Amino acid sequence: MKLFTKLGVGLTAIILSVSLVLPNTNYLQTVQAAKKKKNTIRLWQDAYVYNKHGHKIKEKKHSAVYTPSKLESIAQVDTNGYLYLENSDLDDWTYSWTKIATINGQKYYYLGNGAYINAAYVSQVNGRNSKKGKLVLDHAARVYQKNGKKTNTVLTKNTIIKYTGKVKYTSRLPKYFYYTKKNKQAYLPTHKIKGKNFYSLGHNRYINAYNVGNINGEIARYNGVTYAIVNKTAFTQDISNGITKHKLKKGQKIKIDLAVIPWSEDFYDYIFRLHDYPDEYIEEYLITPRKQLPISDYDKLSYTHVKAQPNTNIQLYDVNGKASNYSIKGTKENDNITVDGLFYIYLPNENKAELFYHYLYDSDEEQIIDKTEPATTNGINKSDKIDQDIFSNSFIKASDVKYDRGIKLDPLNTIQNAQTDQKVATAADKKELKDLFAKSQNIAGAGSSLASLEQNYHNAIINAATIIRDKTATINQVNEAVWLLKLTEKQLSTLDFEPWS
């Protein structure tokens with residue numbers, strides 16, 4: 001997890017320059033003798049670099065250049081100029097150390113040249129989990145008894161302490177949990193004391209779970225709403241990295257409720273969702289969260305995926321529920337279908353309304369089977385180009401697929417609407433569609449990186465023009481044309497990236 005902005009500076013050069021001016025002190029209580037063999041540590045979170053007083057070390061911008069020492073790591077600099085070591089998920093990203101020290105009552109690893117890091121941020125020593133069976137506090141916490149009575153003991157931030165109880169695994173997110181290295185959801189059962197969740201330390205000692213930052217060497221996460229402090233004045237963004245007009249000021253406290261893996265070629269930082277502005281996000285390096293949160297990805301917040309039965313082709317229908325000459329090929333390798341709307345469509349021949357998903361065409365032509373074209377041996381049509389205007393407004397029966405992942409859709413109309421809105425639309429019924437169509441003529445090309453999004457919008461405009469001219473168009477068709485035009489325009493900016501499959 002990257003908690004700070006990376007400015008990139010050699011740790012050895014800076015720490016050497018800092019260590020030359022550090023005076024002797026009695027703050028350093030104990031230091032073990034240097035070991036002959038090389039030892040390694042791994043971090044679970046970015047860790048500030050301290051001197052032997054327990055003070056964070058700042059970057060020396062005009063320091064002299066020194067010969068690199070045995071220190072293998074590279075320091076980064078946060079927005080305030082303090083040095084830190086960066087956590088990494090790479091298995092071979094480790095840091096050498098030679099000594100263990102106690103500074104101000106807490107354990108530190110000595111990295112050489114006057115540099116120390118707090119042992120609270122170390123998850124492995126020489127490849128072994130150093131936090132198994134332990135909790136690490138990310139905030140000072142008072143110790144309570146089971147009856148809710150306060151004790152005189154207050155544990156400081158970064159205290160490492162053993163817990164009692166047995167970790168369990170779950171498919172549902174509890175209020176307090178963590179992700180294992182195998183991407184399972186695990187939690188340590190809590191005890192309710194005066195309505196709050198506490199972990200047991202044994203011997204009638206309990207601490208508030210909200211003050212725990214690490215369990216068993218993994219980041220402790222809070223499934224709820226927490227707050228964050230803004231580190232630098234900045235604007236929020238939407239899910240597709242577009243900058244909004246909402247400015248957050250340095251020092252401002254905001255509510256956040258989700259950590260999101262954004263769309264990008266290389267994952268660098270999470271973006272956090274603002275609880276009071278659920279369509280807005282802020283980059284991780286710009287804030288300091290009070291608690292770490294559940295993790296999602298942009299795909300689950302942007303798309304809806306349904307799954308076909310393996311090797312079962314899914315029939316495509318038009319807005320009136322009439323079967324087309326096209327279907328979606330279902331295979332074990334390509335059984336996810338992206339949809340973006342859920343409608344009740346009235347079927348006159350069956351005298352009933354049935355639920356249909358609106359198919360989001362995303363240029364996957366190999367997913368389409370054209371019954372009017374001769375097929376190759378693998379069942380895919382030979383035509384070089386498929387008539388995309390057909391797929392820009394096609395539907396599949398909800399009963400033919402099942403929900404897989406992403407946004408859970410609610411029907412945009414009712415069974416009654418589907419039945420009563422079969423009557424021919426009047427000029428008044430078409431007014432909103434006419435206004436949207438007129439507006440669409442003045443919208444310049446959005447320049448989306450996905451050509452299919454622009455084409456879908458273009459086809460929605462053509463569909464709107466057709467419905468406006470059609471004297472037999474029903475109210476259902478008009479309503480669906482309005483929805484499609486609004487949606488495809490919005491998708492130009494909000495879905496300007498490839499969905500995961």
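Two strands are taken to pair if DSSP finds at least two bridges between them. In this predicted model, strand β7, spanning residues 99-103, and strand β8, spanning residues 106-112, meet that condition in the antiparallel sense, with 5 bridges between them. Within this pairing, I100 stands opposite Y109 in β8. The hairpin that β7 and β8 form has 2 residues between the strands, and N104 there takes a positive phi near 50 degrees.

Turning to the aromatic side chains, the count of ring pairs comes to 12. Among them, F177 and Y179 form an edge-to-face pair, with 5.2 Å from centre to centre and 85 degrees between the planes. F177 counts as buried because its relative accessibility is 0%, and Y179, at 16%, counts as buried because the cut-off lies at 20%. Y359 and Y361 likewise form an edge-to-face pair, at 6.5 Å centre to centre and 65 degrees between the planes; Y359 is buried at 1% relative accessibility, and Y361 is buried at 3%. Elsewhere, ring pairs link Y176, Y210 and Y222 into a cluster.

Tyrosine rings also meet lysine charges: the charged end of K56 sits over the ring of Y48, 4.2 Å from its centre, while that of K184 sits over the ring of Y169, 5.7 Å from the ring centre.

Key. Residues are numbered from 1 along each chain as its sequence is written. This is a predicted model: local features need pLDDT of at least 70, side-chain atom pairs count only at pLDDT 80 or more; totals for chains, interfaces and linings use all residues. Side-chain values use heavy atoms; hydrogens and water are left out. Helices (H or I, at least four residues) and strands (E, at least two) are DSSP runs, numbered from the N terminus. Rings of Phe, Tyr and Trp (its six-membered ring) pair if their centres lie within 6.5 Å; planes under 30 degrees apart count as stacked, over 60 as edge-to-face and the rest as tilted. Buried means under 20% relative accessible area, exposed over 50%, partly exposed in between (1.4 Å probe, protein chains only). A charge sits over a ring if NZ of Lys or CZ of Arg is within 6 Å of the ring centre and within 35 degrees of the ring normal.
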